Amino acid sequence: MKAPVKIRVNGTPREQEVEPRLLLSQYLRDVCGLTGTHVGCETSICGACTVLLDGKAVKSCTVLAVQADGSEVTTVEGLARDGALHPVQEGFWECHGLQCGYCTPGMIMTGIEILQRSKSPSRAEIRHGLEGNLCRCTGYSHIVDAIQYAARKPGKKGRK
Amino acid sequence: MPKGYVGRPMKRVEDPRLIKGVATYVDDLNPPGLLHAVFLRSPHAHARVRKVDTRAVRAMPGVIAVLTGADLNEKLGPVPCASPMPDQKSPRHTALAGDRVYFVGHPVAVIVARDLAAALDALDTIEVEYQPLPAVIDAEKAIQKGSPLTHPELGTNVAYRWSLPGGDVDAELARADRVIKVRMLHQRLTPMAMEPRGCVASWHPGEETLTLWTSTQIPHLLRTLLPGLIHVPENKLRIVAPEVGGGFGSKLNLYAEEIVVAHLAMRLNAPVKWIETRLENAAVTTHGRDQIGDYEIGVKKDGTVLAVKSHTVADLGAYLQLLTPAIPTLTGLMLCGCYKIKAMRMDVTAVHTNKMATDAYRGAGRPEAAYAIERLMDLVAGELGLDPLEVRRKNFPKPGEFPFHTATGLVYDSGNYQAALKKALEMAGWEKLLKQRAAARKQGRLFGIGVSTYVEICALGPSKIMSAGGWEWGSVRIEFSGKVTVITGATPHGQGQETSFAQIAADRLGVPIEDVVVYRGDTNVAPYGRDTYGSRATALGGTAIVMSIDKIIAKAKVLAAALLKANPKQIVFEAGAFFVKGRRKSAVDWKRLAGEAYVAKNLPPDLEPGLEASSFFEPPNCTFPFGTHVVAVEIDKDTGQVGIAKYVAVDDCGPQVNPLLVEGQVQGGIAQSIGQALFEQTVYDEGGQLLTGEFMDYAIPRAGDIPDFLLGSTVTPSPSNPLGVKGVGEAGTIGATPAIANAVVDALAPLGVKHLDMPFTPEKVWRAITNPGATPRVTSVGGKGGKR
């Protein structure tokens with residue numbers, strides 16, 4: 001039996017009938033076609049699937065689509081405005097905060113939440129904030145640089 | 001800052017699609033009519049398969065097909081091993097299990113359904129009757145008499161024995177003042193790329209061609225290997241590695257699932273997708289390392305090393321994957337490290353066990369070698385009461401001694417080990433660290449300093465040492481518009497060569513980098529290649545591009561000469577302009593030349609139209625990057641927790657095309673090394689159940705576990721390629737683990753600890769603190785001091 005859900009995804013209202021067991025990550029990827037949200041595990045540890053649910057970072061592999069009914073979801077595809085990158089996206093590009101790119105959308109969404117909580121977090125605070133997101137390529141230093149870069153904008157500029 | 005693009009820390013051209021979430025990984029592909037495959041896997045490490053009942057499944061809604069080994073194995077070739085050893089005893093590795101299963105995760109059946117949920121529902125409905133059999137789990141027990149057998153039909157668990165003798169090791173050991181013996185474990189690791197494996201296969205019935213999109217490092221090797229296994233001619237097979245979410249050697253393979261999914265697409269005449277779960281990734285994607293080594297090192301009183309010897313038991317797992325048997329041989333080749341050692345010998349006993357296969361994992365055999373020799377050098381210093389830095393310096397070849405011939409038969413291309421060590425010590429503030437350690441020890445704190453001076457073998461590597469060719473291919477085309485298309489046979493998957501190769505091409509052609517686009521990873525676009533592994537892409541793939549550009553420039557000079565009514569020998573090429581010497585004003589540029597080359601009305605009689613060239617680069621030798629890592633650790637006495645207080649790395653990978661990318665490679669490699677040193681270990685229980693099947697149980701480092709690194713470099717060009725580059729992808733995983741181990745053992749030295757095996761988990765370190773007498777023994781024979 002399918003259940004109706006109304007979810008605003010990246011500003012666009014969507015109404016669908018979904019299976020109650022459908023995960024939010026599957027809803028975004030398979031129903032909305034937004035494949036920027038990645039899935040790297042089944043235990044909500046890796047954080048590749050992190051999205052913003054009503055402004056808060058959640059792991060979309062452990063939220064059911066029906067639980068998101070009536071909510072606003074932001075994915076990595078919804079960050080750039082009029083062709084301009086979000087400051088956290090810009091930071092990842094400027095600071096080489098990614099290599100294979102698979103964990104990156106989740107890292108960016110978590111980075112946004114870290115900056116919502118603290119305007120100028122220390123490196124240690126950023127590292128603590130990233131504990132729910134795994135990266136196997138970068139060794140994290142450049143990711144911390146990237147989030148610091150975004151925190152400094154528009155104070156500006158350059159790498160560490 | 002250099003004048004051109006090469007040498008500049010440029011941000012990557014591949015990043016916008018990745019940070020916007022619009023890049024295409026294999027799971028993002030959904031061709032119309034797509035079917036979904038899932039595999040039923042063995043829950044047993046070793047069992048007889050008595051019965052597989054699939055009747056109930058076939059009737060389930062959405063299920064298209066259920067196939068077992070009996071249905072498929074005769075139709076498909078076996079999973080290949082490209083590096084067999086002489087007299088190797090190994091089983092035929094069928095795509096699906098037959099009447100036995102040999103490891104947890106061994107695929108028994110495949111289900112194809114209209115959607116993934118239907119396939120997963122069906123999975124639980126297959127009934128399999130297993131008769132569990134004794135499992136072989138411990139590689140050392142496996143070679144004892146009376147051990148159960150992994151593959152009873154082979155009559156032994158020994159897959160092969162291999163020896164690498166170099167010089168008269170017994171004579172050198174006999175004349176040594178001191179012989180130090182230690183047993184060291186190199187634990188099994190799980191690569192855990194963030195993107196699990198997966199593939200989509202699509203059969204095109206009109207053309208009778210097959211496309212396989214797969215998360216792989218080696219699309220070209222797959223195109224070479226797959227035709228004979230799935231019975232599709234090579235020229236009707238297209239392999240695409242789309243965006244690949246990390247490999248680290250675990251995607252340097254041809255897996256059973258790729259063979260089966262390719263076959264299913266043809267058999268069912270529909271596109272078929274299979275995406276690995278994380279549980280599957282931990283269980284059935286190749287593991288790394290897993291060696292147990294008994295080492296001996298013979299030295300003179302002054303610290304001069306005479307000989308090193310090892311007997312190693314290597315755990316290969318149940319089956320041989322692509323390069324499984326070759327990995328321990330790389331350990332042997334690099335066992336002398338960056339030292340002048342007269343004689344060496346390595347004997348390997350490689351063993352089958354009821355576990356997943358081991359194979360290449362970032363470093364692939366070299367981390368084991370670097371770890372062994374660097375631990376041994378510290379033990380030598382400790383036993384002789386010498387400074388570990390002095391022992392290293394004493395045994396380094398001098399910069400003038402390169403090319404340097406090792407006892408293992410390798411020729412190290414170039415090196416200046418002294419310079420890297422010196423720089424690392426300066427950056428680390430060595431004297432200050434010594435004082436810090438002394439002060440900490442006075443207060444009863446456990447503070448240790450560790451150094452490793454490593455060398456690695458990269459840019460693999462001449463065809464004579466590789467089973468399927470060690471060259472690399474590249475192609476460059478100046479388009480009609482003057483834009484530049486670069487195609488590489490290397491298959492970067494996160495390393496950033498779309499940027500660094502564009503830097504190389506733009507400089508050499510004298511064009512803006514914005515005009516250059518680099519393509520990779522699709523065998524219909526890059527027909528030949530030997531792909532990305534062994535830190536080879538820039539040294540070999542970059543050179544193939546340089547060679548192609550040089551061919552184009554030579555042709556362009558002939559064309560320019562015709563246009564300028566001059567002799568080709570009079571033509572000068574500078575910053576993208578061709579002109580007669582002294583007459584720069586009348587220069588012709590690439591756009592003009594390309595237009596003429598394709599319109600082809602004013603060409604000299606012998607000149608073909610077009611402006612493109614391709615090249616195969618066959619390197620004369622491997623490259624041998626090196627460096628020094630310095631680590632300071634402080635151990636919490638109460639918990640055994642190891643904290644990294646300082647991390648300094650100086651790596652020499654030759655000239656750096658893009659220092660920002662080099663920094664990224666080094667940082668990522670060190671982080672993986674810290675994972676191995678402090679956290680990671682793949683664990684099977686006595687019955688062969690995998691206990692580390694998820695991120696819950698297998699601890700890859702988190703952001704808070706990794707310190708900021710202080711990185712530096714020295715530059716010693718390689719004579720093995722015109723760019724002089726050496727490769728840097730694996731430096732971190734080779735240089736860092738021994739430095740951390742040396743620091744941890746140094747911290748515990750006041751308690752009498754001489755060696756400890758990785759990973760240095762809090763529990764293990766706490767046990768060493770509370771009972772140092774139970775830590776691994778180090779035997780020291782001869783000279784003063786005698787036995788411990």
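**The domain contact and its surroundings**

In this predicted model, 25 residues of domain 1 of chain B are in contact with 24 residues of domain 2 of chain B. On the side of domain 1 of chain B that touches domain 2 of chain B, 17 residues are nonpolar, seven are polar and one is charged. The centres of these two domains of chain B, taken over C-alpha atoms, are separated by 36 Å.

The domain assignment places the two partners within chain B as follows. Domain 1 of chain B is made of 17-133, 195-245 and 251-284.

A sheet in chain B can be described next. Four strands of chain B, in the order S18-S26-S27-S28, form an open sheet with mixed pairing. Its edges are strand S18 (446-455) and strand S28 (710-713) of chain B, each of which pairs on one side only. From one strand to the next, the twist averages 15 degrees. Helix H15 (residues 430-442) of chain B packs on this sheet and touches S18 and S26 of chain B. The direction of H15 makes about 145 degrees with that of S18(B). Within the sheet, strand S26 (residues 626-635) and strand S27 (residues 642-652) of chain B are antiparallel and pair over 10 bridges.

The largest nonpolar core contains 311 residues, and Ile111(B), Ala505(B) and Val744(B) have the most contacts inside it. For Ile111(B), leaving aside neighbours within four places in sequence, the contacts include Ala37(B), Val38(B), Leu40(B), Val57(B), Val63(B) and Val66(B). Ala119(B), Ala122(B) and Leu123(B) are also in contact with Ile111(B).

Chain B also meets chain A, in a contact that takes 42 residues from chain B and 41 residues from chain A. On the chain B side, the elements that give two or more residues are helix H1 (15-19), helix H10 (278-284) and helix H19 (659-679). Of these, H19(B) gives the most, with seven residues. By class, this side of chain B has 20 nonpolar, 11 polar and 11 charged residues.

Trp93(A) lies in helix H2 (residues 87-94) of chain A. Trp93(A) counts as buried because it has 20 C-beta neighbours inside 10 Å, and 20 or more is the cut-off for that class. Beyond neighbours within four places in sequence, Trp93(A) is in contact with Lys11(B), Asp15(B) and Ile19(B). The C-alpha atom of Trp93(A) is separated by 10.0 Å from that of His142(A), 49 residues apart along the chain.

Chain A has a domain contact of its own. The chain is divided into domain 1 (3-78) and domain 2 (87-152), with 21 Å between their centres, taken over C-alpha atoms. Domain 1 of chain A contributes 15 residues to the contact and domain 2 of chain A contributes 12 residues. On the side of domain 1 of chain A, strand S3 (50-53) and strand S4 (56-59) are the elements that give two or more residues, and S3(A) gives the most, with three residues. That side of domain 1 of chain A divides into eight nonpolar, six polar and one charged residue.

Key. Residues are numbered from 1 along each chain as its sequence is written. Chains are lettered from A and ligands numbered from 1 in the order in which they are written. This is a predicted model: local features need pLDDT of at least 70, side-chain atom pairs count only at pLDDT 80 or more; totals for chains, interfaces and linings use all residues. Two strands pair if DSSP finds at least two bridges between them. Axes are lines fitted to C-alpha atoms, for helices over the stretch in contact, and angles run from 0 to 180 degrees between N-to-C directions. Two residues are in contact if their C-beta atoms, placed from the backbone, lie within 7 Å. A nonpolar core is a set of buried Ala, Val, Leu, Ile, Met, Phe, Trp, Tyr and Cys residues joined through C-beta atoms within 7 Å. A residue is buried if 20 or more other C-beta atoms lie within 10 Å of its own, exposed if 12 or fewer, and partly exposed in between; C-beta atoms are placed from the backbone. Domain bounds come from an automatic or database domain assignment. Ala, Val, Leu, Ile, Met, Phe, Trp, Tyr, Cys and Pro count as nonpolar, Asp, Glu, Lys and Arg as charged, and the others, Gly among them, as polar.
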